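Please look over the sequence and the structure below before reading on. The briefing then takes up helix packing, a strand pairing and some backbone angles in turn.

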Amino acid sequence: MNDIFAEEVTYWQRLEATAHAIFSRYNFHEIRTPILEETGLFSRAVGETTQVVQKEMYSFLDRGGDAVTMRPEGTASVVRSYIEHNLAAADGITKLYYLGPMFRYERPQKGRLRQFHQIGVELLGVDSPHADAEVIIMLDRFVRALGISDYKLEINTLGVSGERKAYLDKLTTFLTGIAANLCAECQVRLTKNPMRVLDCKNETCRHHLKTAPLILDNISDATRAEFETLKTCLKSAGVEFTVNPKIVRGLDYYEKTSFEFVSDKLGSQSAFVGGGRYNSLVKELGGEDTPGIGFGMGCERTVMLMQEADKEKKAAAVKGVYICVFDENGFRVGRDVLQKCRDENLTADMDFTVKSLKSQMRRAGKFGFSHVAIIGDDEIKNNVVALKDMASGEQKKVSVAEMIVTLKTA
Ligand code: HAM
């Protein structure tokens, strides 16, 4: 559970402000639900056999003896509130979003916390690939508006329950055949929730799962047509995606469209958004039969990507040279070179005293200079500088005149 302060807070403020601005443009409205809910809500919504419900919930009896849980996710709470307050709009379409802390007792690691935050969206009342597209397109625009560009959208369809049953039989037969090769966790998943096996990160399991039957090959024409419509809508909105037939999601309420936004920059916890369609959840929780689609964005992971993007932007921010020297002799030559650069209208800088090369390089990086010119004894003797291109890392010895030409044409 993290404190968030100093410079990091400004990223959170930008993240939240951008969410409010973009979601309201798509006519979504904010909802705030309590952090504590009845424990039964999550076991019913998220699923008795899921990892979240079995191992990760912060649940306790309150002073009145009621079993309560600190919400591990937002969809169940929003649907509970939707039913309780009859939030279905007159035309049947309800568009909601929320921001706030969620709690899961997971093993902490980079990008995985026990108190984390989500920005979530739920669109209730429409079962159409156009609704799926609207949610995903809005999300894609949101992520781009945050300055994040190094990510991938992966989509899949999980079919509907009838199709899933036939598929599950096929999958279970396949998995039973390779059970001896699966990890201990997958042995349990096989009996409780076989589709989750497809999501296992264990290398041996992955190897044996290569030929597993996929839900995509086992769906009806109608479901396939909807998936194709979604793909067409995304393409025409300029949203790039790949189909990943192994996306199964960790919560039980999903069917049809499911998706994740992933980035290599996050390490093993690569998904910074997860979402999908849940057409039975409202009914299962006691409401009218109402379809829904939504997503949850992990704020901590998204902030990491925003910071990463800023670092890269800064790295390419200044076209110019930072001059680094080793001693007083180098300092005198360096100051002359510095002035020549500035007289040539180039952005250039160096320190006012001789510091360690490391600290000079750090300063060059901080301001995002595209080049660094290093001037040591050898360079002075040969009347050159060692010019380093910070983006490619390439370094070569050039005269000051050549350096000026390089910088002007960079
Ligand atoms: P989820 O995939 O469980 O989906 O979580 C969504 C996102 O929350 C993940 O992609 C991840 O970025 C972030 N997240 C989850 N657990 C942690 C953790 N322990 N530490 C840091 N970040 C975490 C849901 O929660 C669904 N309610 C999303 C949804 C809304 N589906 C439909 N509507």
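In this predicted model, the axes of helix α5 (residues 129–145) and helix α9 (residues 221–236) come within 9 Å and cross at roughly 35 degrees. Two packed helices are described by the angle between their axes and the distance between the axes.

**Helix packing**
- The crossing that α5 makes with α9 is right-handed.
- On the α5 side, the contact is made by Pro129, His130, Asp132, Ala133, Ile136 and Ile137, while α9 contributes Glu226, Thr229, Leu230, Cys233 and Leu234.
- Sorted by class, the contact of α5 with α9 holds 7 nonpolar, 2 polar and 2 charged residues.

**A strand pairing**
- Strand β3 (residues 58–61) runs antiparallel to strand β4 (residues 67–70), and 4 bridges join the two.
- Within this pairing, serine 59 stands opposite threonine 69 in β4.
- The hairpin of β3 and β4 has 5 residues between the strands, and glycine 65 in this hairpin takes a positive phi near 85 degrees.

**Backbone angles**
- Most residues other than glycine have a negative phi.
- Alanine 6, although it is not a glycine, has a positive phi of about 50 degrees; alanine 6 lies in helix α1 (residues 6–25) and is exposed, with a relative accessible area of 56%.
- Arginine 249, which is not a glycine either, has a positive phi of about 70 degrees, and its place is in the loop between β8 (242–243) and β9 (255–262).
- Arginine 249 counts as buried because its relative accessible area is 11%, and buried means under 20%.

Terms used: Residues are numbered from 1 along each chain as its sequence is written. This is a predicted model: local features need pLDDT of at least 70, side-chain atom pairs count only at pLDDT 80 or more; totals for chains, interfaces and linings use all residues. Side-chain values use heavy atoms; hydrogens and water are left out. Buried means under 20% relative accessible area, exposed over 50%, partly exposed in between (1.4 Å probe, protein chains only). Two strands pair if DSSP finds at least two bridges between them. Axes are lines fitted to C-alpha atoms, for helices over the stretch in contact, and angles run from 0 to 180 degrees between N-to-C directions. A crossing is left-handed if the near helix is turned anticlockwise from the far one by less than a right angle, and right-handed if clockwise. Contact means heavy atoms within 4.5 Å. Ala, Val, Leu, Ile, Met, Phe, Trp, Tyr, Cys and Pro count as nonpolar, Asp, Glu, Lys and Arg as charged, and the others, Gly among them, as polar.
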